[in-house]
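Open the model in a viewer and keep the selection panel at hand. The stops below are meant to be taken in order.

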Amino acid sequence: MARPRRIVLVRHGESEGNLDDSVYEREPDHALRLTPVGRAQATETGVRLRELFGDETVSAYLSPYRRTLQTFRELRLDPARVRVREEPRLREQDWGNWQDRDDVRLQKAFRDAYGHFFYRFAQGESGADVYDRVGSFLESLYRSFEAPDHPENVLLVTHGLTMRLFCMRWFHWSVAEFEALSNPGNGEYRALLRGPDGRYRMDRPFERWTTPEPYDLDG
């Protein structure tokens with residue numbers, strides 16, 4: 001099995017929705033664009049990734065949202081060394097109907113109190129739903145490693161919550177551990193690096209906003 005040397009996860013740059021959530025009243029989530037700041041963030045990340053990948057090949061999987069596709073373009077990787085695929089399972093969490101901004105803000109407050117993993121937005125998804133589709137993607141990714149000519153690197157250009165859930169699934173984190181971590185900033189990346197023992201380790205952790213509080217196993 002040709003396991004990659006690195007699995008790199010990139011969060012999209014700043015989007016119109018990150019800057020002003022009133023845009024959701026006019027535009028669907030998947031159609032939102034990067035801001036000029038978001039483009040600059042992606043460009044800066046691209047400089048670092050080109051240094052990291054060097055002359056090695058890359059298998060890239062992209063969320064099909066406009067802001068993630070734009071982020072990938074601004075990375076400016078060598079197209080001769082990159083195999084690109086859109087991957088809908090890496091899309092953002094479905095928030096449901098965004099037209100009522102006050103309702104969404106209220107639901108976000110409920111989610112913060114209830115927990116990001118289990119709370120399901122009305123007509124949308126919970127973090128657990130996203131975890132399930134990320135798990136399905138991982139099964140496909142594992143199968144791709146069986147190809148003897150698999151690229152040395154895997155690149156995922158996706159969203160903050162999806163990044164955390166991918167790592168939760170990969171490293172078998174508990175729900176409590178997931179809930180204690182913050183999303184990376186716009187344009188940030190994390191690299192899972194394969195060590196001499198074949199195990200992957202993250203180059204740097206997600207920021208922790210609280211101490212995990214797991215349930216007792218004995219009830």
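Predicted model: local features only at pLDDT ≥ 70, side-chain atom pairs only at ≥ 80, totals over all residues.

Residues are numbered from 1 along each chain as its sequence is written, and side-chain values use heavy atoms, with hydrogens and water left out.

**Stop 1: helix α4**

Select residues 101-114, which form helix α4. Helices (H or I, at least four residues) and strands (E, at least two) are DSSP runs, numbered from the N terminus. The expected span of a helix is 1.5 Å times one less than its number of residues. For the 14 residues of α4 that gives 20 Å, and the end C-alpha atoms are 20 Å apart, which agrees.

Now show the side chains of V104, Q107 and R111, which are buried (under 20% relative accessible area; exposed is over 50% and partly exposed in between, with a 1.4 Å probe and protein chains only). These three lie on the same side of α4, because they cover an arc of only 60 degrees around the axis, taken from the directions from the helix axis to the C-beta atoms. Turn to the face away from this buried side to find the exposed residues D102, D112 and A113.

**Stop 2: the largest pocket**

A pocket is found on a 1 Å grid over the protein atoms alone, as an open set of points where a 1.4 Å probe fits, with protein on both sides within 12 Å along at least five of seven lines; lining residues have an atom within 4 Å of a point. The volume is about 850 Å³, meaning the space filled by probe spheres set on the points, which are joined across faces, edges and corners.

Which elements give two or more residues to the lining? Colour α1 (16-19), α4, α6 (160-171) and α7 (175-179). Of the elements, α4 gives the most, with five residues. By class the lining has 16 nonpolar, 13 polar and 10 charged residues (Ala, Val, Leu, Ile, Met, Phe, Trp, Tyr, Cys and Pro count as nonpolar, Asp, Glu, Lys and Arg as charged, and the others, Gly among them, as polar).

**Stop 3: the largest nonpolar core**

Next select I7, L141, L156, F166, W170 and L192, the residues with the most contacts inside the largest nonpolar core, which has 27 residues. Such a core is a set of buried Ala, Val, Leu, Ile, Met, Phe, Trp, Tyr and Cys residues joined through side-chain atoms within 4.5 Å. Two or more residues come from each of β1 (6-11), α5 (127-144), β4 (153-158), α6 and β6 (200-202). The largest share, seven residues, is from α6.

**Stop 4: single residues**

- W95 sits in the loop between β3 (82-86) and α4 and is buried, at 11% relative accessible area.
- R76, in the loop between α3 (66-75) and β3, has a positive phi near 55 degrees without being a glycine.
- H172, in the loop between α6 and α7, also has a positive phi, of about 60 degrees, and is exposed at 65% relative accessibility.
- P36 lies in helix α2 (residues 36-53) and is exposed, at 71%.
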